[in-house]
Amino acid sequence: MCCRGMKRERKRDWSDLLPELVLLISKNIPGLGDFIRFRAVCKNWRSFVPLSDAPQQLPWLLEGNGDSHAMMTILQEKHRFYSLFTGETGTICAKPSCKGKSFSGPIQGHLRLFDGGYTILRRKCHLFNPLTEEEVWLPPRPCPLGYWTIHLGGFESWAFFDTHTSKWIAAERRPSHPYCYARMMFISSRRGAFTEFFSVSTEKKIGHIPPPLEETQLDSRCVSTHLVNCDGDLLRVSLYSKCCLNTEHCSYFRIYEFSCEGDHCVWEEISSIDDLVIFLDVVEAFSISANSFPAATGLVKPNSIYFLSSESDECKPYRYDIKQGSMQRLPCQFKTCTWFLPTLRTATIAS
């Protein structure tokens, strides 16, 4: 019953929202599942927001099925995932053709799948996105030098692949956490050793960097190091383990920035990474900007390191507050896991 003189309330047709407004809303949705449901509201919204235009997502923890120290695991028909930041849980499925292959990740939101023998010459490699089922096959034969790192581990050889040039680099020895930065390949043969770096274009050694003084005074087993690109700067992230330091205090991190003046290159210690966040697992290291996730304000802590620590054959996630020097264990029901960057975008590989 409505009073005389009052206008009946008009029902809003949400499909008539301006395309610019729909696109703006879509970029502020933190969860990938919510983004997909957002596009399913109506045909107009789906046409305004392409699937490939999904906003950058916070990392997931993808369940593994191997040893917590292993750099690869076997791809099953289904794998569970968990988001530390949104609490989202679910399952992703593998294509039948990919099931049973070894995988590691993440690379551009894709897993690296391997089959064949242990040597790089026999092992076939391709990238696989379990969310879109996209597969990108890589050249089967290694060529001199490469740029963007894909670790093809085995007992006999290692190699790296450059997605920009579709070329390979074969390493003569097993390197410790190799990394590519500014068209240079950085390789260290072991923890605490000198880091050598090579030019991608000339394939020649440019120089080497001595390890930080603190690392030379400790057993190499006490320090775990990663190289990571943080907003254009190359950082060396070193975890000092409490079990080797003869101390009751917790393990702690030290962060060093690559600095080069002429032929003199060093690791300079820094005390903050500002709004950036670093993610580490057994092999991989990557960073994101907390400011890139306005919808996730308060969920991901800036100036922090999220890392996976192997404890009693289990892989547990922690957050390290760089400013406070404190460490917090985070909830996770998986025994072993790896970081995974969910994306609906295609991999960028040179043809």
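Modeller: A salt bridge is a side-chain nitrogen of Lys or Arg within 4 Å of a carboxyl oxygen of Asp or Glu. Please keep in mind that the structure above is a predicted model.

Colleague: With that cut-off in hand, what is the N to O distance between the side chains of Glu-196 and Lys-205?

Modeller: Side chains of opposite charge can pair when their charged atoms come close. Glu-196 and Lys-205 meet in a salt bridge, and Lys-205 counts as partly exposed because its relative accessibility is 44%. The distance for this pair, N to O, is 3.4 Å.

Colleague: How many salt bridges does the count come to by this rule?

Modeller: The limit for a pair is 4 Å, and the pair Glu-196 and Lys-205 is counted at 3.4 Å. By this rule, the count of salt bridges comes to 7.

Colleague: How many residues apart in sequence are the parts that Lys-99 and Glu-77 tie together?

Modeller: The side chains of Lys-99 and Glu-77 meet in a salt bridge at 4.0 Å, N to O. Lys-99 lies in the loop between β4 (89-93) and β5 (102-107), while Glu-77 lies in the loop between β2 (73-74) and β3 (78-82), so the pair ties together parts whose separation in sequence is 22 residues.

Colleague: Is Lys-99 buried or partly exposed?

Modeller: Buried means under 20% relative accessible area, and exposed means over 50%. Because Lys-99 has 47% relative accessibility, Lys-99 counts as partly exposed.

Colleague: In which strand does Glu-135 lie?

Modeller: Glu-135 and Lys-95 meet through their side chains in a salt bridge of 2.7 Å, N to O. This pair links distant parts of the chain, 40 residues apart, with Lys-95 in the loop between β4 and β5. Glu-135, for its part, is found within residues 134-137, which make up strand β8.

Colleague: Which strands stand at the edges of the open sheet of 4 strands?

Modeller: Strands of a sheet pair through backbone hydrogen bonds, either parallel or antiparallel. Here the pairing is antiparallel and the order is β11-β12-β13-β14, with a twist that averages 25° from one strand to the next. Two strands each have a single partner, so one side of each is left without a neighbour in the sheet, and these are β11 (179-181) and β14 (205-209).

Colleague: Which residue in β13 stands opposite Met-184?

Modeller: Strand β12, residues 184-187, pairs with strand β13, residues 195-199, in the antiparallel sense over 4 bridges. The residue of β13 that stands opposite Met-184 is Ser-199.

Colleague: What covers the buried residues of α2?

Modeller: Helix α2 spans residues 32-39, and its buried residues are Leu-32, Gly-33, Phe-35, Phe-38 and Arg-39. What covers these buried residues includes α1 (19-26), α3 (43-48) and β1 (60-63).

Colleague: What is the accessible area of the nonpolar patch of Leu-18, Leu-21, Leu-24 and Ile-25 together?

Modeller: Leu-21 has its place in helix α1, and Leu-21 counts as partly exposed because its relative accessibility is 37%. Leu-18, Leu-21, Leu-24 and Ile-25 form this patch on the surface, and their accessible area together is about 360 Å².

Colleague: What share of the residues of the chain count as buried?

Modeller: The chain has 4 helices and 24 strands, and its accessible surface comes to about 18700 Å². Of the 351 residues of the chain, the share that count as buried is 49%.

Key
Residues are numbered from 1 along each chain as its sequence is written. This is a predicted model: local features need pLDDT of at least 70, side-chain atom pairs count only at pLDDT 80 or more; totals for chains, interfaces and linings use all residues. Side-chain values use heavy atoms; hydrogens and water are left out. Buried means under 20% relative accessible area, exposed over 50%, partly exposed in between (1.4 Å probe, protein chains only). Two strands pair if DSSP finds at least two bridges between them. Axes are lines fitted to C-alpha atoms, for helices over the stretch in contact, and angles run from 0 to 180 degrees between N-to-C directions. Contact means heavy atoms within 4.5 Å. Patches are made of residues with over 30% relative accessible area and no salt bridge: like charges are joined within 9 Å, nonpolar side chains (Val, Leu, Ile, Met, Phe, Trp, Tyr) within 5 Å. Accessible areas come from the Shrake-Rupley method with a 1.4 Å probe; for residues, only the protein chains shown count as cover.
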